[in-house]
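Me: I would like to learn how to read a model of this kind. Where should I start?

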Amino acid sequence: MFLTISTNGTAARPATDLGYLLHKHPGKAQAFSTSYGTAHVFYPEADAERCTAALLLEIDPVALVRRGRGKGRGGAPDAALAQYVNDRPYAASSLLAVALGNVFSSALRGVCAARPERAAAPLPLRVEVPALPARGGPDLVRRLFAPLGWSVTADPVPLDTAFPEWGDSRYVRLLLESERLNLAEALRHLYVLLPVLDDAKHYWVSADEVDKLLRAGEGWLAGHPEQQLITNRYLSRRWSLTRQARERLELVRLAEADDSEVEDIDNAVADEPESGDIDVADESGTEVIDNAAADGTGTGTGAGTGTGTEEKPTPLAVLRREAVLAALDACGAARVLDLGCGQGQLVQALLKDARFTEIVGVDVSQRALTIASRRLKLDRMGERQAARVKLVQGSLVYTDQRLRGYDAAVLSEVVEHVDPPRLPALEYAVFGHARPRTVVVTTPNAEYNVRWESLPAGHVRHGDHRFEWTREEFRIWAAAVAERYGYEAEFTPVGPDDPEVGPPTQMATFTITTEREAKAA
């Protein structure tokens with residue numbers, strides 16, 4: 001199997017710089033041992049104006065059979081003759097992609113100490129593959145490469161030129177041209193898409209293939225229109241690995257859209273709770289009241305004398321859920337969105353009530369959704385119960401067609417985690433676009449923070465809180481949102497309502513007005 005990479009140059013920027021970028025000298029022919037044969041690198045032409053590097057993979061069919069045995073799916077074919085007589089020595093495949101990764105590993109990473117500026121810059125590139133298996137034909141080849149900035153020529157290879165009536169084979173002659181890509185980007189495209197088009201990996205696909213796919217797909221795979229097909233085929237249709245890859249890619253896409261790092265948006269669940277963060281347990285849903293009096297040792301609201309004989313107060317997390325459930329019951333909601341569902345405590349409570357026929361939990365954090373799935377035991381849930389619930393990954397500051405048409409949406413302890421400049425985007429996505437008939441919002445009451453004896457003055461309750469509103473600030477915000485989007489807001493205290501500072505949690509229930517709803521309809 002054979003592949004060439006060519007570029008043009010000038011006297012000031014000679015094409016032979018390709019040798020530096022590939023870390024292979026144009027004046028030498030080099031050979032490299034691989035698991036299935038020998039990879040040869042040589043340069044059919046190399047001067048200042050034009051340089052072509054060729055990768056020739058010489059397959060050892062016996063080694064291919066021996067290493068393929070016992071590998072399960074993706075190993076050598078079972079038929080005795082097909083083990084030795086096949087297209088592997090002649091057609092580009094996953095074998096060539098592996099050789100590409102081994103021989104040009106530094107170039108794949110974009111590393112070139114001798115010409116760093118050339119490694120990062122776009123080059124006039126021409127890639128030719130004389131025989132490429134393409135399950136899906138030339139149209140699929142174009143759909144895979146064209147969105148990445150390539151001009152694609154994929155000519156089908158006839159089964160037999162002497163018998164044109166037999167039609168075309170599953171192979172194409174591939175020519176890719178681009179002046180927009182650097183060499184590392186081009187190699188990563190080939191590394192992933194050659195085995196995707198071949199659709200028959202020669203080795204067992206294990207969990208580390210997900211990491212390989214995401215490394216090679218960095219910067220382009222998350223937004224590729226054929227992302228699902230690429231991940232399915234690259235991972236040999238192993239459902240668990242494909243799901244893991246797509247979840248991680250969606251997180252990358254959301255982070256890029258938000259101009260954030262993945263770690264910054266996938267932080268809804270701490271790896272280990274911080275001992276000094278009094279509200280971490282409550283925010284993640286653990287059934288404890290979010291103050292030092294939870295165990296009867298403090299002097300805050302609801303605290304006992306410390307003797308251990310008093311009845312412990314109801315955790316604030318429980319009081320919040322009870323208040324939300326009461327609001328949903330009052331509005332007669334059956335189809336409910338839990339926006340920013342975290343680890344799924346509210347979803348779990350909703351599932352216990354048969355009145356809620358459809359429950360959708362949405363969170364940007366894949367870690368949180370994974371924990372929620374385990375909490376709900378989705379993998380062991382009965383068919384009828386499973387049909388009522390769905391967990392989806394998504395950002396609440398972007399419109400999402402999947403969230404339209406529901407009776408109610410809940411934003412419980414969510415808005416305070418959003419940067420204030422992004423609040424208008426969340427408001428439009430929920431109240432303007434998704435537009436449920438009822439929206440229930442809970443958020444901390446900043447005035448009540450003086451009652452937390454373990455909370456230093458001036459601090460918010462959770463390290464990820466961007467702000468915490470007083471009662472007046474919350475009412476001003478809620479009134480403005482209600483006016484802007486045609487809702488009416490009612491306010492309910494949650495937890496002990498202190499006569500001086502109010503309740504620990506404040507809740508607003510937004511109900512869409514009949515007049516505005518009629519106009520929208």
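Reply: Start with confidence, since this is a predicted model. In the chain, mean pLDDT is lowest in helix α13 (residues 280-283), at 35, and highest in strand β8 (residues 335-339), at 97.

Me: Which stretches have a pLDDT below 50?

Reply: Where pLDDT is low, the predicted coordinates should not be read in detail. Here the pLDDT is below 50 over residues 69-79, a stretch with 19 contacts in the model beyond near neighbours in sequence. The pLDDT is also below 50 over residues 271-308, which have 74 such contacts.

Me: What does the chain average in pLDDT?

Reply: The average is 83, and 80% of the residues score at least 70.

Me: How many helices and strands does the chain have?

Reply: The secondary structure comes to 20 helices and 14 strands. To see how the chain is connected, look at contacts between residues at least 6 apart in sequence: 71% of them join residues at least 24 apart.

Me: What share of the residues counts as buried?

Reply: Of the 521 residues, 48% count as buried. The accessible surface of the chain comes to about 24800 Å², and carbon and sulfur atoms account for 50% of that surface.

Me: Is Cys341 buried or exposed?

Reply: A residue is judged by its relative accessibility, with buried meaning under 20%. Cys341 is at 5%, so it counts as buried. Cys331 is at 33% and therefore counts as partly exposed.

Me: How many disulfides does the structure hold?

Reply: The structure holds zero disulfides.

Conventions. Residues numbered from 1 in each chain as written. Predicted model: local features only at pLDDT ≥ 70, side-chain atom pairs only at ≥ 80, totals over all residues. Heavy atoms only, no water. Helix = DSSP H or I, 4+ residues; strand = E, 2+ residues; numbered from the N terminus. Buried < 20%, exposed > 50% of the residue type's maximum accessible area, 1.4 Å probe, protein only. Contact = heavy atoms within 4.5 Å. Areas by Shrake-Rupley, 256 points an atom, 1.4 Å probe, with all protein chains shown as cover. pLDDT = per-residue confidence, 0-100. Disulfide = S-S within 2.5 Å.
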